[in-house]
Amino acid sequence: VTVVSPSEEMLAAAAGDGASYGAGVGLKMVSNVVYFSPSGLRISKAANLSIPFDRDQAEIMARLPWVAMHVWNTTTKVWDRKNDTIVDLVSKTVYQATRSFSFYVTMVPIEE
């Protein structure tokens, strides 16, 4: 697991149409982008990923129902929302089960 700087393409996708959220909705990163390698690897049993978030707890609480881990889709060049993200406010960490490795970040939708 490596913390990476998001590419301009990744930042633009987050600021754009908000992936699965629709037009007029952007995404705000509330954690670092992390790279779980090797990218594209698929495993038969789900792995549990965890990413700490570094934003103010009040900001997260205000958007808690929409906090979700997102994975970078290298084909469509958008952030895809992962379902069933678990948010632990005490440890300031999000958890997500996945069967593939790639770039992940925790984001919340914001209206533009």
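Guide: Let's start with a word we'll need: a contact means heavy atoms within 4.5 Å. Of the contacts in the protein chain with a separation of 6 or more, 70% are between residues 24 or more positions apart. One caution: this is a predicted model, where local features need pLDDT of at least 70 and side-chain atom pairs count only at pLDDT 80 or more, while totals for chains, interfaces and linings use all residues. Residues are numbered from 1 along each chain as its sequence is written, and side-chain values use heavy atoms, leaving out hydrogens and water.

Now, the core. A nonpolar core is a set of buried Ala, Val, Leu, Ile, Met, Phe, Trp, Tyr and Cys residues joined through side-chain atoms within 4.5 Å; buried means under 20% relative accessible area, with a 1.4 Å probe and protein chains only. By that cut-off, 38% of the chain's 112 residues are buried. The largest core has 14 residues, and V34, F36, L49, I51, M69, V94 and Y104 have the most contacts inside it. Two or more residues come from each of β4 (42-52), β5 (68-73) and β9 (103-111). Strands here are DSSP runs of E, at least two residues, numbered from the N terminus. β4 gives the largest share, three residues.

Zoom in on F36: leaving aside neighbours within four places in sequence, F36 touches V1, L49, S50, I51, F101, S102 and Y104. There's also a second, separate core of 11 residues, with M10, A13, M29 and W72 among them. In soluble globular proteins, nonpolar side chains tend to be buried together.

Technical notes
Buried means under 20% relative accessible area, exposed over 50%, partly exposed in between (1.4 Å probe, protein chains only). Helices (H or I, at least four residues) and strands (E, at least two) are DSSP runs, numbered from the N terminus.
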